Amino acid sequence: MPLVRLDIHSFRNIRLATLTTDPGINLILGPNASGKTSLLEAIFILGRGQSFRSSRLAEVVNKDAKDMIVSGHISLNGRTIPVGMGFHQGQKQIRLAGRTLQSRAELLQIFPLQLLQPDLYDLLEGGPKARRQFLDWGVFYAQPEYLSLWRSYQRALGQRNALLKSGNRSTLPFWTQELAKYGKILSQHRFDYLTVLQEPLTMMARQLGFEGGFELKYLQGWPQGKDLESALEDDLQRDQKYGFTHSGPHRDDFTITWQGQPVKNFFSRGQMKLIVSTLAIVQASLIPIPCCLLIDDFTSELDQENQALLANLLVNLKEQIFITATHLTALDSIAKHAGQVFHISEGTIQGA
Ligand SMILES: Nc1ncnc2c1ncn2[C@@H]1O[C@H](COP(=O)(O)OP(=O)(O)OP(=O)(O)O)[C@@H](O)[C@H]1O
Ligand SMILES: [Mg+2]
């Protein structure tokens with residue numbers, strides 16, 4: 001049971017709110033521009049330390065206020081842990097169990113969140129960055145050492161690129177070696193993770209009517225059949241000419257196929273929504289501690305039958321879920337399972 005209480009001060013159009021949240025399904029109902037997505041965003045910020053809508057945190061502060069605070073209580077392994085995220089005098093502050101955190105990694109470990117909203121389509125239709133982020137988020141929970149590995153790789157890549165740009169070659173062999181060392185392990189973790197994901201994806205998608213298997217194919221960020229050292233060696237002249245590293249996991253990608261067909265160009269919008277939602281749900285369900293799902297715009301693109309199928313899947317998950325809609329009838333199939341219903345109007349929340 002992750003989030004048990006939420007307090008919001010001056011966040012977007014929500015000036016002040018206190019919510020007692022349900023460990024199961026929480027519905028958030030309100031007309032357009034009432035603050036539904038803002039409420040999900042406030043919860044997201046509490047778990048991730050950043051927004052999914054604005055890269056500048058100042059934008060989430062209510063337009064008539066200078067500072068904002070979102071705080072809450074997380075229940076984990078029988079303990080209740082206070083968490084908070086504030087923006088004060090232009091500075092972000094993350095608090096956990098009475099301490100100020102320097103990095104948001106600890107927060108991610110306490111309160112995992114998965115967001116399902118229209119941007120999720122980027123996973124199928126957008127560039128590889130969204131897919132690498134998807135992989136990294138999953139592997140972060142699957143492999144305890146992944147974050148420090150990822151940081152070491154990023155450091156080696158940054159140093160190597162800086163050397164390539166500056167023309168200073170003195171430590172290039174060292175950083176190339178570092179890049180290859182961390183890059184190979186990183187790549188192996190991502191490959192393993194995709195392999196693990198494949199079976200539960202196929203099983204869960206079957207409940208939504210997709211017969212036959214899904215294949216998640218890892219595409220390493222350097223030519224197939226080569227090891228990373230050789231690729232870096234072969235690329236040296238090109239890297240020096242352009243001033244950046246061409247080969248490595250920072251160019252990784254993956255594809256999704258169903259019965260041998262690439263999902264991206266083969267599926268309808270509704271089918272794509274079902275399958276990206278399923279991917280996100282499977283990913284959340286593999287996290288060893290409870291993961292909270294934030295679902296915006298649940299009904300869009302889905303017909304009644306598919307809404308009911310997806311709702312059924314969500315209800316059986318036994319995770320905490322926050323789900324928005326403009327009116328209750330849109331959520332018929334899920335409403336009877338809701339433990340809490342919040343009505344929101346012009347930033348004021350009732351039912352809290
Ligand atoms: N910093 C801010 N201060 C005050 N209001 C803001 C701020 N940022 C956005 N808003 C306003 O908050 C309102 C609620 O936005 P939100 O996106 O949460 O609505 P919503 O209920 O999700 O609507 P929809 O059903 O259309 O998705 C909007 O009118 C928006 O313009
Ligand atoms: Mg919205």
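**Sheets and ligand**

Modeller: In this predicted model, 6 strands form an open sheet with antiparallel pairing, in the order 2-1-4-5-6-7. Strands (E, at least two residues) and helices (H or I, at least four) are DSSP runs numbered from the N terminus, and two strands pair if DSSP finds at least two bridges between them. As the model is a prediction, local features need pLDDT of at least 70 and side-chain atom pairs count only at pLDDT 80 or more, whereas totals for chains, interfaces and linings use all residues. Residues are numbered from 1 along each chain as its sequence is written, chains are lettered from A and ligands numbered from 1 in the order in which they are written, and side-chain values use heavy atoms, with hydrogens and water left out.

Biologist: Which residue in strand 2 is the bridge partner of Ile8?

Modeller: Strand 2 (14-20) is an edge strand, as is strand 7 (99-101), and each pairs on one side only. Strand 1 (residues 3-11) runs antiparallel to strand 2 and is joined to it by 6 bridges; the two form a hairpin with 2 residues between them, where Arg12 in the turn has a positive phi of about 50°. Leu6 stands opposite Leu19 in strand 2, and the partner of Ile8 there is Ala17.

Biologist: What angle does the direction of helix 1 make with that of strand 1?

Modeller: Helix 1 (residues 36-48) packs on this sheet, touching strand 1, strand 2, strand 4 (68-76) and strand 5 (79-88), where contact means heavy atoms within 4.5 Å. Axes are lines fitted to C-alpha atoms, for helices over the stretch in contact, and angles run from 0 to 180 degrees between N-to-C directions. On that basis the angle is about 110°.

Biologist: How far from an oxygen atom of ligand 1 does a polar side-chain atom of Lys36 lie?

Modeller: Ligand 1 is surrounded by 15 residues, each with a heavy atom within 4 Å of it, and the closest are Asn32, Ala33, Lys36, Thr37 and Ser38. Polar contacts are pairs of N or O atoms within 3.5 Å: a backbone N or O atom of Ala33 lies 2.8 Å from a ligand oxygen, and an N or O atom in the side chain of Arg53 is 2.9 Å from one. For the polar side-chain atom of Lys36, the distance to an oxygen atom of ligand 1 is 2.7 Å.

Notes: A polar contact is a pair of N or O atoms within 3.5 Å; within protein, one must be able to donate a hydrogen and the other to accept it, and residues adjacent in sequence count only if both atoms are side-chain atoms.
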